[in-house]
Amino acid sequence: MNALLTQAQPDEPLAERLAWAEDLLAWVQRDVPATRLRLLLQLLERQPQAHQCVARTLRSIVRDSEALDLFADTGLPQGAGFTSELLSRLASRLLPTPPETRDLADVVNRLFPRASTTDWLEQVEAELARQIIELFHHAETPEEGGWAALRTDLEDAMVQLADRICVVGSSREVRARLDQRAFRELPFQKLTPAVEALLARRDGGAPLTELAPEFNAVRGVADACDRAVDEVIGRLEKTGVSTALVYDIERLRAQVQRLESLLEAWSAPVLTAERKVAILAELVRQNHARRGVRELCRQNLHLLTRRIVERNAETGEHYVARNRREYADMLRRAAGGGVILGVTTFVKLLLAKLVLAEFFKGAFFGLNYAVSFVLVQLCGFSVATKQPATTAPALPGG
């Protein structure tokens, strides 16, 4: 550890500073990370020169990195399809990370290589969190005033998210499933101007306490976007289900939620040290989820399963009886289907007695069942064996 502390050089190339920070965090995350972190802070208190060099080196890494993608992309569904996204994540597992990168998302991924890191980060005590934040500000000079450009990147991420929400939400597929309204009256079209007006007022020198009208305007538009997404989801069954559209809707909802989270962090007058560490833990978790193959498969399987359940819940409604009249109607349709299937079974037994080649026997069996199911559909009857599969998703909602 003493050797690592003496190697902290804020004037070295970024690649070497990242390698040093990677070794330092690797030492901290062994065994019991919280205990090792306390030991590190105690050693720094005893070595003023090393303390200053470590603090300056950590600040220089943040200064020379960009957090825009970390705020605007990390943990959010991407625009690529499942296959291309899967290949991209597999390639990132096999190919090494560039040694020098300005993307803070890549820096976080290098410094915290395992998703389990968030477990101890989320459990950091308030006093330890305060000491971590103080380490970054230790011996800070006026010349270093521009090292923490995170707030600027956060504002840029808010504008970028608003632009993306506007593009996806104003697409033809989404507009076709909304109430008819003028294009420029869509809430998605109003989001970017509202965010830019809020930031422009802040850049003009207005304190946060005087930005309530602009802040409430952005929140109101974001809520309207949420309601529009709910409206689109409610009309998917009537207007047609598209896998690409469902994926876009999930991405749209996630982007609106991320924008609201960034807006909340931006508007907070002061974030406590404990809250800052908690935000870091969440970004680390989401960063690993963004790169994980298992997480990608889980998200897409979740979307597919949800659409199947919702679809079956709709198609299973006519199998559910809520009163005597509906029960009598269902009994009549089930009896009709039973008669047709009974005849189908009798024909099957006759076909089984014929001496035919296996090909023709299978063809006649298939044709027999195909004709019977078509008759059941045309006559408005129902098949009892389909009832459990179609009514099960509908029962929890009822």
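A search of the whole structure finds 0 disulfides, a disulfide being a pair of cysteine sulfur atoms within 2.5 Å. This is a predicted model, in which local features need pLDDT of at least 70 and side-chain atom pairs count only at pLDDT 80 or more, while totals for chains, interfaces and linings use all residues. Residues are numbered from 1 along each chain as its sequence is written, and side-chain values use heavy atoms, with hydrogens and water left out. The chain has 21 helices and 0 strands. Both are DSSP runs numbered from the N terminus: helices are H or I with at least four residues, strands E with at least two.

- C225 is in no disulfide; the sulfur of C166, the nearest cysteine sulfur, lies 8.9 Å away.
- C225 counts as buried because its relative accessibility is 0%. Buried means under 20% relative accessible area, exposed over 50%, and partly exposed in between (1.4 Å probe, protein chains only).
- C53 also counts as buried, because its relative accessibility is 18%.

**Chain totals**

- Of the 398 residues of the chain, 40% count as buried.
- Take the contacts between residues at least 6 apart in sequence: 79% of them join residues at least 24 apart. Contact means heavy atoms within 4.5 Å.

**Helix 10 against helix 12**

- Helix 10 covers residues 150–169 and helix 12 covers residues 187–203. They pack at an angle of about 165 degrees, with axes 7 Å apart.
- Axes are lines fitted to C-alpha atoms, for helices over the stretch in contact, and angles run from 0 to 180 degrees between N-to-C directions.
- Helix 10 and helix 12 are therefore roughly antiparallel. Angles under 35 degrees count as roughly parallel, over 145 as roughly antiparallel, 65 to 115 as roughly perpendicular, and the rest as oblique.
- The crossing of helix 10 and helix 12 is left-handed. That term applies if the near helix is turned anticlockwise from the far one by less than a right angle; clockwise gives right-handed.
- On the helix 10 side, the contact uses E155, M158, V159, A162, D163, I165, C166 and G169. On the helix 12 side it uses F188, Q189, L191, T192, V195, E196, L199 and D203.
- By class, the contact of helix 10 with helix 12 has 9 nonpolar, 3 polar and 4 charged residues. Ala, Val, Leu, Ile, Met, Phe, Trp, Tyr, Cys and Pro count as nonpolar, Asp, Glu, Lys and Arg as charged, and the others, Gly among them, as polar.

**Helix 4 and its partners**

- Helix 3 and helix 4 (residues 48–63) pack at an angle of about 120 degrees, with their axes 5 Å apart.
- That angle makes helix 3 oblique to helix 4.
- L44, E45 and R46 of helix 3 make the contact with P48, A50, H51 and V54 of helix 4.
- The classes in the contact of helix 3 with helix 4 are 4 nonpolar, 1 polar and 2 charged residues.
- The axes of helix 4 and helix 9 come within 7 Å and cross at roughly 85 degrees.
- Helix 4 and helix 9 are therefore roughly perpendicular.
- H51, V54, A55, L58, R59 and V62 of helix 4 meet L135, F136 and H137 of helix 9.
- The contact of helix 4 with helix 9 has 6 nonpolar, 2 polar and 1 charged residues.

**Positive phi outside glycine**

- D31 is not a glycine, yet its phi is positive, near 50 degrees. D31 is in the loop between helix 2 (14–28) and helix 3 (33–46).
- D31 counts as exposed, at 67% relative accessibility.
- A139 has a positive phi of about 55 degrees, although it is not a glycine. A139 is in the loop between helix 9 (126–137) and helix 10.
- A139 counts as partly exposed, at 35% relative accessibility.

**C-alpha pairs apart in sequence**

- E173 is in helix 11 (residues 172–175).
- E173 is partly exposed, with a relative accessible area of 36%.
- Q7 is in the loop between helix 1 (2–6) and helix 2. Q7 and W20 are 13 residues apart in sequence and 7.4 Å apart in space, C-alpha to C-alpha.
- Q7 counts as partly exposed, at 48% relative accessibility.
- P213 is in helix 13 (residues 212–234). The C-alpha atoms of P213 and L198 are separated by 8.8 Å, and the two residues are 15 apart along the chain.
- P213 counts as exposed, at 55% relative accessibility.
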